[in-house]
Amino acid sequence: MRIGIVCYPTFGGSGVLATELGLALAEKGHQVHFITYRQPARLNIFQENVFYHEVCVADYPLFEYPPYDTALASKLVDVARFEKLDLLHVHYALPHAAVAYMAKKILESHGMVLPVVTTLHGTDITVVGHIPTFAPVVKFSIDQSDGVTAVSQSLKEDTYKLFDVKKDIRVIYNFVDFDRFRKCNKDHFKKAIAPQGERILVHTSNFRKVKRVDDVIRIFHKVREKMPAKLLLIGDGPERHNIEELCRRLSLCDDIRFLGKQDAVEELLCIADLFLLPSEHESFGLAALEAMACEVPVISSNTGGLPEVNVHGKTGFLAPVGEVDAMADYALQILGSDESLERFRRYALEQAHKFDLYRILPQYEAYYEEVIAGSMANVEASRSGVNS
Ligand code: GMT
């Protein structure tokens with residue numbers, strides 16, 4: 001199959017997932033074309049069957065806002081026609097689903113049918129997508145997609161709640177690649193970070209408000225009062241400055257390392273004892289799943305799709321958003337003894353296996369086939385309608 005993939009090429013979960021999906025599809029023999037404004041962060045190795053098409057937005061003095069959507073639509077038309085794409089898979093509804101719809105309509109005028117699958121990732125629905133500035137376009141373009149998937153049951157339900165969409169939404173969970181995310185020996189890292197054998201807590205995110213990184217610091221503060229511990233913060237984003245200020249105010253700087261954006265997150269997860277994800281919204285929590293694959297238990301909020309990933313009392317604990325005290329108590333419960341930590345580690349790994357790439361990938365392939373068949377059937381039906 002020849003598949004076009006559109007995503008945000010940044011370190012955000014949707015871009016990571018889209019890139020990993022494309023690479024895995026290519027490995028299975030599909031031809032995959034990434035169409036983005038920058039090379040996706042994880043598209044950093046040569047792979048046969050993988051092609052990259054950069055979207056360039058021409059500048060012009062009149063443009064206060066360069067028209068990226070138009071540039072992307074034009075690129076999609078060009079790539080779809082030249083590479084004879086069988087299907088376009090866009091990740092994150094905003095603006096990708098609307099742009100895909102425009103490209104599809106232009107291609108129809110050239111006599112080409114391009115089925116479009118839209119994957120909803122989270123904030124495109126729960127945070128930014130449903131504000132009045134964007135909602136009518138997001139709703140319309142979801143309904144116009146030939147196939148729509150959501151990364152959790154909770155996100156599917158939120159989509160129906162927040163938008164009056166008619167489309168049947170298929171849940172296909174996010175996945176983890178165990179070839180990459182698995183327990184490994186990085187004792188030299190561990191010694192450098194926690195020379196006295198302190199417990200290591202980790203948080204990864206894009207440091208946006210929705211991640212509540214300040215709660216991460218407050219949880220760590222409470223844990224740190226009861227046991228020697230270190231905190232690794234991986235990622236970067238708008239809240240970074242405020243978080244640094246908070247660390248200083250709480251005199252935690254010696255025990256917290258800001259590591260910035262890291263390519264080899266898995267190597268750091270290998271030395272972690274606990275992962276913290278106290279987000280305000282989280283449709284799935286890919287970062288938590290990657291931690292669990294490396295046998296790291298998770299303390300998270302109980303929002304969105306997190307309860308579908310993190311199992312309370314087994315793979316970690318969940319608490320309502322903002323309940324820092326409860327989260328810290330749970331953290332201490334897990335970290336309190338080697339025996340309890342090992343038990344949580346085992347369950348975390350077992351649960352992560354349910355989201356193994358090799359279980360999820362065939363679901364996408366089957367769905368693509370289904371959507372293509374449906375589109376073809378619609379074309380046949382409208383042709384015979386015209387002829388009859
Ligand atoms: O907010 C982010 O972390 C980025 C965002 C994205 O789309 O890049 O992540 C969303 O998609 C991820 C991949 O499907 C999910 O694992 C995250 O839970 C989701 N984030 C939120 O819902 C806040």
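Domain bounds in these legends come from an automatic or database domain assignment. The model is predicted, so local features need pLDDT of at least 70 and side-chain atom pairs count only at pLDDT 80 or more, whereas totals for chains, interfaces and linings use all residues. Residues are numbered from 1 along each chain as its sequence is written, and side-chain values use heavy atoms, with hydrogens and water left out.

**Figure 1. Division of the protein into domain 1 (2-175 + 357-387) and domain 2 (187-355).** The centres of the two domains, taken over C-alpha atoms, are separated by 32 Å. Domain 1 supplies 21 residues to the contact (heavy atoms within 4.5 Å), and domain 2 supplies 17 residues.

Figure 2. A side-chain N or O atom of H121 is 2.6 Å from a ligand oxygen atom. Backbone atoms also take part: a polar one of S14 is 2.9 Å from a ligand oxygen atom, and an N or O atom of L286 lies 2.9 Å from a ligand oxygen atom. Of the 480 Å² of accessible area (Shrake-Rupley method, 1.4 Å probe) that the ligand has on its own, the protein covers 95%.

**Figure 3. The largest nonpolar core.** Such a core joins buried residues (under 20% relative accessible area) of the types Ala, Val, Leu, Ile, Met, Phe, Trp, Tyr and Cys through side-chain atoms within 4.5 Å. Among its 76 residues, L120, V202, L232, L269, F275, L289 and Y368 touch the most other members. A second, separate core of 31 residues includes L231, C247, I256 and M327.

Definitions and conventions
Polar contact = N/O pair within 3.5 Å; in protein donor to acceptor, adjacent residues only side chain to side chain. Buried < 20%, exposed > 50% of the residue type's maximum accessible area, 1.4 Å probe, protein only.
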